[in-house]
Amino acid sequence: MATFAYTSTTTAPRTVIARRACDCHVHIYDSRFPAAPTAKLVPPDASAAQYRALQQCLGLQRAVLVTPSTYGYDNRAMLQGLAQLGQAARGVAVIDGTQSDAQLLALHEAGVRGIRLNLSLGVANTLDDLQPLARRVKDLGWHIQLLMPPSLLAQIADRLRRLPVQLVFDHMGRINPGHALRHPALRQPVFRQPAHAVLMALLRDGLAWVKLSGGYIVSDIGRADDPDLDDLARSYIDAAPDRVVWGSDWPHATASAGMQPMPDDALQLDRLSRWAGDAATLERILVTNPARLYGFAAEPTHQKEKTWTHRSVSLA
């Protein structure tokens with residue numbers, strides 16, 4: 001029985017995983033890079049090598065590394081991971097807008113394809129940064145990844161629609177999956193949170209994407225196999241199957257902090273397969289959609305990912 005770092009996974013998923021499948025939400029932690037003074041989560045070190053071992057067990061080949069709230073605006077841990085994982089990885093950075101065009105271009109060449117605003121933990125950016133940062137990254141073709149309380153999402157719907165970039169909502173939009181009305185007369189559950197309606201409209205109108213990640217975080221019982229997650233995940237897939245991606249959220253910082261049981265990432269993939277409903281939709285979520293969103297090369301199936309030469313980036 002194999003053991004892997006920061007997961008309860010011991011075996012491969014039962015689901016058949018298509019080649020070039022992508023895990024779109026992974027964090028790298030390295031104590032050589034200091035945590036931000038106001039960081040609320042300071043997990044133990046979690047390396048790209050540790051993730052790669054789990055990735056191979058899961059049958060995944062691509063990954064998206066996201067700078068976590070722990071480091072504020074310091075992207076060095078994420079960039080280090082990109083250098084180690086090579087061409088099969090992309091990055092999502094955190095910036096404050098003071099970066100020069102040359103610095104942003106260096107991030108792009110290193111594999112960064114978006115920026116994240118974590119408005120839930122409040123370590124780096126604020127809501128006032130949204131429009132200025134969107135203007136800074138628009139010409140690079142980057143997106144803005146958002147994590148925010150549902151109450152805030154419901155309040156700023158019009159502002160989000162006016163942004164000149166695509167939006168990506170991680171952790172299922174932070175919607176509570178238990179807030180659904182179920183009735184035999186309803187073909188689909190109706191969620192009581194206005195934020196869900198906002199996110200669904202953005203998806204249908206081609207303005208946003210959603211990550212089926214962090215289900216155990218939004219679950220009332222703290223588990224990725226919470227049956228209440230089924231309706232929430234299916235609502236997004238039914239609304240816009242071309243705008244849904246998946247992420248493990250490895251190394252599960254909140255679980256390391258004792259907020260939930262440590263997730264089983266193979267089980268997370270098996271649950272995703274159930275939500276997808278068929279192999280074609282599953283491949284769309286794991287392969288086709290991430291390739292479009294993050295700019296992975298469309299390579300022949302038989303061709304292996306090649307390691308790229310990573311350009312050194314000094315930007316913190």
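On a 1 Å grid over the protein atoms alone, a cavity is a set of points where a 1.4 Å probe fits but cannot get out, whereas a pocket is an open set with protein on both sides within 12 Å along at least five of seven lines; residues with an atom within 4 Å of a point count as lining. Two cavities of 30 Å³ or more are held by the structure, where a volume is the space filled by probe spheres set on the points, and the points are joined across faces, edges and corners. The model is predicted, and local features need pLDDT of at least 70, side-chain atom pairs count only at pLDDT 80 or more, and totals for chains, interfaces and linings use all residues. Residues are numbered from 1 along each chain as its sequence is written, and side-chain values use heavy atoms, with hydrogens and water left out.

The largest pocket holds about 330 Å³ of space. Its lining is formed by 22 residues, of which Leu 41, Leu 121, Leu 147, Ile 217 and Thr 254 lie nearest the centre, and two or more lining residues come from each of β4 (112-118), α8 (215-218) and α10 (253-256). Helices (H or I, at least four residues) and strands (E, at least two) are DSSP runs, numbered from the N terminus. Nine nonpolar, nine polar and four charged residues make up the lining of this pocket.

Strand β9 (residues 208-212) is largely enclosed by the rest of the structure, because five of its five residues are buried, that is, under 20% relative accessible area with a 1.4 Å probe and protein chains only, as against over 50% for exposed and in between for partly exposed. From β9, Ala 208, Val 210 and Leu 212 point one way, and Trp 209 and Lys 211 the other way. Strands are taken as paired if DSSP finds at least two bridges between them. β9 pairs in the parallel sense with β6 (residues 167-169) over three bridges, Phe 169 standing opposite Val 210, and three bridges also join β9 to the parallel strand β10 (residues 244-246), where Val 245 is the bridge partner of Lys 211.

Key. Nonpolar A, V, L, I, M, F, W, Y, C, P; charged D, E, K, R; others polar.
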